[in-house]
Amino acid sequence: MASDLMEIDDSLYSRQRYVLGDSAMHQMAQSSVFLSGVGALGVEIAKNIALAGVKAVTLHDTKLCEAWDLGSNFFVRKEDVSSQRGRVEAVCPRVAELNPYVQVDTSSLPLDDNTELGFLRKYQCVILTEASLSLQKRVNKFCHAQQPPIRFISCDAYGICVRVFCDFGEAFEVSDPTGEEPKEIFIQSITQDNPGVVTCMDNHPHGLQTGQSVVFREVGGMVELNGSTRPVTVLSPHSFKIGDTSQLQPYTHGGFVVLVKTPKTFTFETLEQQLCDPQVLIPDFSKPEAPLQIHAAMLALDRFQEQHCRLPNIGCLQDAEALLKLTEEVNATLKNKAPVNAELVRCLSRTARGTLPPLAAAVGGIASQEVLKAITGKFAPLQQWFYLDTVELVGPLQSLAVEEFFPRGDRYDGLRACIGESMCLDLHKLRVFMVGCGAIGCEMLKNFALLGVGLAKSSGEVCITDPDLIEKSNLNRQFLFRPHHIQKPKSTTAAEATHDINPELRVEAHLNKVCPATENVYNDSFYSSLNIVVTALDNVEARRYVDSRCVSNQRPLLDSGTMGTKGHTEIIVPNLTESYNSHRDPPEEEIPFCTLKSFPSVIEHTIQWARDKFESAFVHKPSMYNSFWQMHPSAEVVLQRMQAGESLEGSFQVIKLLSRRPIQLEHCIAIARLKFEKYFKRKALQLLHSFPLETRLKDGSLFWQSPKRPPTPMEFDLKDPLHFSFIISTARLFAEIHNVPYSEKDLSEEVVTKVLSGLKIPEYRPSEKCIETDETAKKPDEIKMPLSSEEEREAIAQLEQAIATNKAKPEGLHMSPLQFEKDDDSNGHIDFVTSASSLRARMYSIELADRLKTKRIAGKIIPAIATATAAVAGLVALELIKVVGGYRLESFKNCFFNLAIPVVVLTEPAAVKQTLIRDNIYFSIWDCWTIFGHEDFTLSDFMNAVREKYGIEPSMVVHGVKMLYVPVMPGHSKRLKLTMQKLIKPSAERRYVDLTVSFAPESDGDEDLPGPPVRYYFSPDGKAP
């Protein structure tokens, strides 16, 4: 594994490869890390870097397992405590289990101010947690002085405060500071001037910054720019200056620029140098002084420990005042300072002996990303301190009796020291529903187990659901799963693993999707039994649905998501905040049909084209074929009906498939060769026939100019590996859908050459059919298009021929549709898409993408890494405690972060909007008016009931898509006398319906005024009628 040419196990690391890239992955696999301290923070870092795939990690710790560790270290078990095992002995085998490629060893030798530090020279990165400040300074000084420097990180978590410090040496080179993939920016015009100004095509924003450099490609006219790199000065979002172009030829058309990634060198100071004048990251702009305030308070805590050889006692006012005094002394020595925050210092004093597991998870994720940066040089490092506090969480608890926070000798002592016994009991009683058990789901379950959320003895419960099975690629970040769990359900496996961390938890696991089809399971009475809903999903639609169910059932929702090193959390609380559906991202831009079909300009277009070809040939057509023959029992019956003049939907396409159905592999190879001819030669010839290279538009400009690229017809060459790969992968997939048996030997170069040598390729004749150039045109539905009489005659003849040649026997009337599976490299799906996309890209002179990039785009793979997942789950779990405590809006924090840059931004959630109907009657998204009716309750009674109860009469009533009452609609006034039962026709078990109502405007001509949904119960007691 340590060799320079080691191969990356893509089946395990694929999602992470898309985040870090292969160079960084290779560097990690050759790096050794030393981690001291396996408490709450240390075990998080150990987990994350083992999952990431470093070569070796040494875990160092000198403490024994205590009951307290059970609530902060998810790799310590009850038997470890009772047998007085060393923490590092208990943790090591469980960390090693996470990744077979990582060598994990242990050390429990003393590491103190007298230890000889030479042993650290074999490590590329050293991380200290739970170490005294004097030891941190000593180890950092040693690491900084080495050549090359050993990258140094120290982390501390005391109650509500955490800090991370980084020192990667005086000249730390970063290959790629942002990790963003450079995009092609198409050019509209370039002025011949000093300085020359570039304007982007169609006013698309370029996203560049002054000082960056771009390289020019395919520029028409001003050809001297091609291949050259120029620094840019941004003028507007759509234009930038590139220096002198006055001596170049005039620009005529086309071209694009690509951002050039330039390495950047970062300079670090030692811990000693940084103490008085710290360089800090500001995560919460509502309190920009907080990092410096925490810096002073935590340095004072270091001093307190030096003086007293202990941490402040829980609730001891004397210790709190001593810490405050020390903080003021420390603050006076700082060059860069903020006023001392007495409330923060007192909260720190009270909680310093405690642990908030979610805070350790969040900061463990951030610190782990810094470890990966240290050993790979990928992404901009933290300079140099990160501080975070959760004073909003514990501030409201300070008035509680001090006994609330005292230890009781159990696993929750660390948590109790921070949030008190009453809040711990509230967490035990919680009933939580979590949707999704992937990467975020596993991390959330770990947090629930450490917090004691949903204990059986307290009538609490965590209900989880996920329909997916575990795949190998999940193991890289879904840390509750192991290789022997592959192909087992995620939810039941995660439930068992959570139970191992905390046997007191009650976890009920389901295998359902949460969607309209499962509303019989996740109905209103289910939601009303819950306290909180948590989403751990990877798509927007599912989030929107769960959000709508939470709003209609008045339940808090905690949402989070990640993409690579980016993460977000959103807290949704009834009657306090907006909901997830209150804001909508703009929809993803679809690639125009004509661009995909005829005018690709970037590699994404050719990959999508290849993916569409896969879907059409190997999924859609076989499925349509099977559906047709399920509806029509035999070919003879179909033939009779067509001869009688009947038009059968889909018959033309189905009969074409039947008549061309291959029986042997040789036929499949021949089909593949003809597909090559059609896609990569004839298509180009036809386009150039319809639009010769010199074609001009009405305004005189060239038809073939950027972003349109003229194609070059390709001559088939079996010796070209790309041509051969296309033939093999295409033939194989046709064999599979047509149930043609074959062996790998049948697809050897020798066999394929022999088959193709006897194949006659029909001569190309140009067609006069119209080629679509309108970017707004949609793809036509071929099945729905009427057949011409010639096509009908042709279909009848083909069917007669198929029956005569025994092709239409029952076994010939079934195909085997494929399901696109990106993660199985043996099935040939990605081979087909990669070869087809690459050939099309070559035909249009587009830069090719490798197999890895093609797989990501074709499979719509979301890049993912354990560091970001751990961070979002930790941040969400902190907010969960606030929801349980019934905190005010200003206490909650949403978060967006990008660990690559790094940036962390905490913001207050948006307050719920109140909408005025009229006459001082308001409603919000959380409002639902209720009316209780009975069997004879009429629509008129309903309207009167709304007016009497809420002071305003509806002017329109709608149920779903059905209009129950619209005054202007003919006959609707008669409906007022009809009963609600008759109008709505509810099913027997239906208790109520949600109706959409609107109200008459104050003045004629205005639009009707919206109102909240009105829940109409069919019976006075709200039970089913």
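How many Å separate the centres of domain 2 and domain 3, taken over C-alpha atoms? The centres of these two domains lie 40 Å apart.

This report describes a predicted model, in which local features need pLDDT of at least 70 and side-chain atom pairs count only at pLDDT 80 or more, while totals for chains, interfaces and linings use all residues. Residues are numbered from 1 along each chain as its sequence is written, and side-chain values use heavy atoms, with hydrogens and water left out.

**Domains**

The protein chain is divided into domain 1 (13-174), domain 2 (184-260), domain 3 (601-734 + 773-845) and domain 4 (914-1017); such bounds come from an automatic or database domain assignment. Between domain 2 and domain 3, 8 residues of the former are in contact with 8 residues of the latter, where contact means heavy atoms within 4.5 Å.

Helices (H or I, at least four residues) and strands (E, at least two) are DSSP runs, numbered from the N terminus. Helix 6 covers residues 133-145. The expected span of a helix is 1.5 Å times one less than its number of residues. For the 13 residues of helix 6 this gives 18 Å, and the end C-alpha atoms are 18 Å apart, which agrees.

Several residues of helix 6 are buried, among them L133, L135, Q136 and V139. Here buried means under 20% relative accessible area, exposed means over 50%, and partly exposed lies in between (1.4 Å probe, protein chains only). The cover over the buried residues includes strand 4 (125-129), strand 5 (151-158), strand 6 (161-167), helix 7 (271-274) and helix 8 (290-308).

Most residues other than glycine have a negative phi, and most peptide bonds are trans.

A cis bond with omega of about -15 degrees joins I901 and P902, and P902 belongs to the loop between strand 24 (894-898) and strand 25 (903-907). K985, in the loop between helix 30 and strand 31 (992-999), has a positive phi near 50 degrees.

**Accessibility of selected residues**

| Residue | Relative accessible area | Class |
|---|---|---|
| K683 | 19% | buried |
| E130 | 39% | partly exposed |
| L511 | 44% | partly exposed |
| K985 | 62% | exposed |
| V968 | 74% | exposed |

K683 is placed in helix 22 (residues 665-690). Leaving aside its neighbours within four places in sequence, K683 is in contact with K597, S598, K678 and M843.

L511 is located in the loop between strand 20 (507-510) and helix 16 (524-528). Its C-alpha atom is separated by 9.4 Å from that of L469, 42 residues apart along the chain. By contrast, T62 and S924 are 862 residues apart in sequence and 56 Å apart in space, C-alpha to C-alpha.

V968 lies in the loop between strand 30 (962-965) and helix 30 (980-984).
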